[in-house]
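Please look through the sequence and the structure before reading the points below.

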Amino acid sequence: MPKAKKSGKRKRFDYNQDRKKMKKKFIKKYNPRIENPQIRNAWDDKKSMARNLQEMGLAFDPNRSLPIKKQSLLGEDRATKAPTNIVTKPYVLNQLEEEASRPEKDSKTLSSDLIEYVQHMIREHSDNYKAMARDEKNYYQDTPKQIKRKINEYKRCHPEHYDTFMKSLAPPEPMVQ
């Protein structure tokens, strides 16, 4: 019977492996960092993931958390019982709900070059997109539709800047005495 390969070979230390890096990699894999601060603060390393989430009032397995109606052949529907869990850390759930209810601010902005480009186009051609496409400042040879899209993006990202810019373009109203 043939012998298995490398079964009798002596084990030698591998000098090419960085043991410190391997240990870090192992720890990182088995103890991942929890990104959410509310959950991270309430997490207990001695308990399992399912138990931790159950205590916080969160679902470990959504299939088990929601009751599903089972149909029998006779036509009667009966709901399977969802496990009733005791929530010992309700503050985590409250903090998550509060954070989710906060309105998210629009963080999308445009570059200063693009804002300057759009303002130049509006100043020179108002809403004539074909003339904008032929403008010599149109270095990237944008089509009228692309220019229109950039202007709309500027209106959406910086509405107050756009309003003040349009007011500055409007001719001043004569004073009535």
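Gln141 is found in the loop between α7 and α8, where helices (H or I, at least four residues) and strands (E, at least two) are DSSP runs, numbered from the N terminus. The model is predicted: local features need pLDDT of at least 70, side-chain atom pairs count only at pLDDT 80 or more, and totals for chains, interfaces and linings use all residues. Residues are numbered from 1 along each chain as its sequence is written, and side-chain values use heavy atoms, with hydrogens and water left out.

**Loop residues with positive phi**

- Gln141 is not a glycine, yet its phi is positive, at about 55°.
- Is Gln141 buried or exposed? Gln141 counts as exposed, with 69% relative accessibility; buried means under 20% relative accessible area, exposed over 50%, and partly exposed in between (1.4 Å probe, protein chains only).
- Ser126, also a residue other than glycine, has a positive phi near 50°.
- The loop between α6 (112-125) and α7 (129-134) holds Ser126, and Ser126 is partly exposed at a relative accessible area of 47%.

**The chain as a whole**

- Nine helices and two strands are found in the protein chain.
- Read from the N terminus on, the order of the elements is α-α-α-α-β-β-α-α-α-α-α.
- The protein chain has 177 residues, of which 18% are buried.
- The chain exposes about 16300 Å², and carbon and sulfur atoms supply 52% of this area; accessible areas come from the Shrake-Rupley method with a 1.4 Å probe, and for residues only the protein chains shown count as cover.
- Among the contacts in the protein chain with a separation of 6 or more, 45% join residues 24 or more positions apart; contact means heavy atoms within 4.5 Å.

**The packing of α8 and α9**

- Helix α8 (residues 144-157) packs against helix α9 (residues 159-169) at an angle of about 110°, and their axes are 5 Å apart.
- Axes are lines fitted to C-alpha atoms, for helices over the stretch in contact, and angles run from 0 to 180 degrees between N-to-C directions.
- The two helices α8 and α9 are therefore roughly perpendicular to each other (angles under 35 degrees count as roughly parallel, over 145 as roughly antiparallel, 65 to 115 as roughly perpendicular and the rest as oblique).
- On the α8 side, the contact is made by Tyr154, Lys155, Arg156 and Cys157; on the α9 side, by Pro159, His161, Tyr162 and Phe165.

**Side chains in polar contact**

- His125 belongs to helix α6, and the side chain of His125 makes a polar contact with that of Asp135 (2.6 Å).
- A polar contact is a pair of N or O atoms within 3.5 Å; within protein, one must be able to donate a hydrogen and the other to accept it, and residues adjacent in sequence count only if both atoms are side-chain atoms.
- Beyond residues up to four places away in sequence, His125 touches Ala131, Met132 and Asp135.
- Gln38, in helix α2 (residues 37-42), is buried at 14% relative accessibility.
- The side chains of Gln38 and Glu99 make a polar contact (2.9 Å).

**A buried leucine**

- Leu53 lies in helix α3 (residues 49-56) and is buried, with a relative accessible area of 12%.
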